[in-house]
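Please walk through the structure below, beginning with the metal site and moving on to the aromatic rings.

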Amino acid sequence: MSHPAASPHEADDAVLDDVVTSLVQIEAAISALEAERFRQLARAHAVAAGRSVHRPRSVQEREIALRSIAAEVGVALRWHDRTAQRRITEAGALVEDFPATVTALDEAKITARHAEVIREVGEPLLEPESRQEFERRVLTRAERDTVAGTRAFAQAVAQELEPRSITERHDDEVDRRRVWVDDDIGRPAIDPTHAHPPGGLGAIRAEVSVVIPVLTAVGASERGAMLDGCAPVDADTARHLFAEAPGWERLLTDPVTGVVLGVDRYRPTPAMRRFVRLRDVHCRFPGCRQPARRCEIDHNLAHATGGPTTLCNLACLCKRHHVLKTETPWTAAQQSGGSIVWTSPLGRRTTDPPERRVAFAPDPDPHPDPDPPPF
Ligand SMILES: [Zn+2]
């Protein structure tokens with residue numbers, strides 16, 4: 001009960017004062033949690049980066065490692081894995097390059113949006129000293145200004161600390177333009193599948209004859225394969241082509257003479273493709289909405305390891321998630337009814353049920369025709 005002498009205004013003021021105090025406390029708790037979320041996402045980023053330290057990898061392979069981790073995080077949090085990947089990358093940059101900002105967020109001196117402005121505007125500063133100076137000055141401002149005010153101030157500071165004008169930097173980049181041929185890779189790398197059109201192996205969609213020993217296809221042997229009987233290809237490239245090819249004829253050959261003993265077909269029929277597309281509606285990776293017409297048909301249990309070309313082993317996957325499943329330890333197993341159980345590299349399981357279609361039941365006719373036509 002309010003004090004008997006208090007006017008209605010004073011009672012309202014007391015409520016509002018309590019509201020403001022509570023909001024300040026809530027925001028402080030959220031800021032500390034957001035700092036902790038940035039730190040955890042940055043740990044995931046460090047794991048993705050660390051894996052490539054032990055074994056030198058191409059940019060594409062590092063991208064695949066990060067994607068697999070992003071999918072792990074995304075599925076657990078119901079974020080799209082692209083969103084997870086972006087947040088992991090951004091958190092990695094924030095924690096590594098702007099540590100004082102994360103501390104200020106933890107202490108609720110700034111909000112997460114202030115922190116993002118500092119990272120976004122400060123990231124192009126390449127000199128560590130410039131970055132530190134930028135962070136120090138912008139943090140002081142962020143502690144007392146709105147996000148918009150902080151952004152304008154940060155842009156001015158970044159301009160001041162970048163000694164060369166944007167025109168000079170542009171001219172430098174123009175001078176540095178080069179076209180070169182680099183042949184020290186030896187074999188094509190995994191494609192950046194988000195590119196349009198995809199480059200390298202991703203662009204190969206012709207019917208190419210490659211003889212791949214089964215033990216090479218399943219990864220049990222590194223013996224390589226023969227391209228159309230004339231050129232050998234290494235085992236990794238053979239497996240990549242095998243996973244990406246739209247169709248395969250399986251040849252059973254005599255192990256001694258090499259004579260073809262039998263042929264069967266791996267490719268789903270057009271009717272199967274139609275059925276799977278209509279059933280799935282979109283890519284079947286958890287959370288992905290890429291329309292089925294833009295997806296590839298995946299064998300949930302790979303054909304190379306005995307997975308049959310049957311409706312209950314086929315599903316639509318977009319290019320990104322098809323590559324994820326092929327290149328990383330993510331696995332998919334289809335159950336009766338079309339549900340797919342995904343198992344992540346950490347062994348976490350998620351079930352993706354097939355899309356339910358809306359059923360249209362006819363309305364009962366309120367005025368039945370008393371004299372229906374005679375047919
Ligand atoms: Zn997808």
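Cys283 has 0% relative accessibility and therefore counts as buried (under 20% relative accessible area, with exposed over 50% and partly exposed in between, 1.4 Å probe, protein chains only). The model is predicted, with local features needing pLDDT of at least 70 and side-chain atom pairs pLDDT 80 or more, while totals for chains, interfaces and linings use all residues. Residues are numbered from 1 along each chain as its sequence is written, and side-chain values use heavy atoms, without hydrogens and water.

The SG atom of Cys283 coordinates the zinc ion together with Cys288 (SG), Cys318 (SG) and His321 (ND1), at 2.0 to 2.4 Å. Donors here are N, O and S atoms within 2.8 Å of the metal (3.2 Å for Na, K and Ca). Angles of 97 to 117° among the four donor atoms make the site tetrahedral (four donors, all angles between 85 and 135 degrees). Along the chain the donors follow the spacing C-x4-C-x29-C-x2-H. His321 is buried too, at a relative accessible area of 0%.

The aromatic rings come next. Phe285, Trp330 and Trp342 are linked into a cluster by ring pairs (centres within 6.5 Å; planes under 30 degrees apart are stacked, over 60 edge-to-face, the rest tilted). Phe285 is buried, with a relative accessible area of 1%. Phe285 and Trp342 form an edge-to-face pair, 4.9 Å centre to centre with 75° between the planes. Trp342 is buried at 1% relative accessible area, and Trp330 is buried at 2%.

Notes:
Tetrahedral: all angles 85-135°; square planar, octahedral: opposite > 155°, others 65-115°. Phe/Tyr/Trp six-rings, centres within 6.5 Å; stacked < 30°, edge-to-face > 60°.
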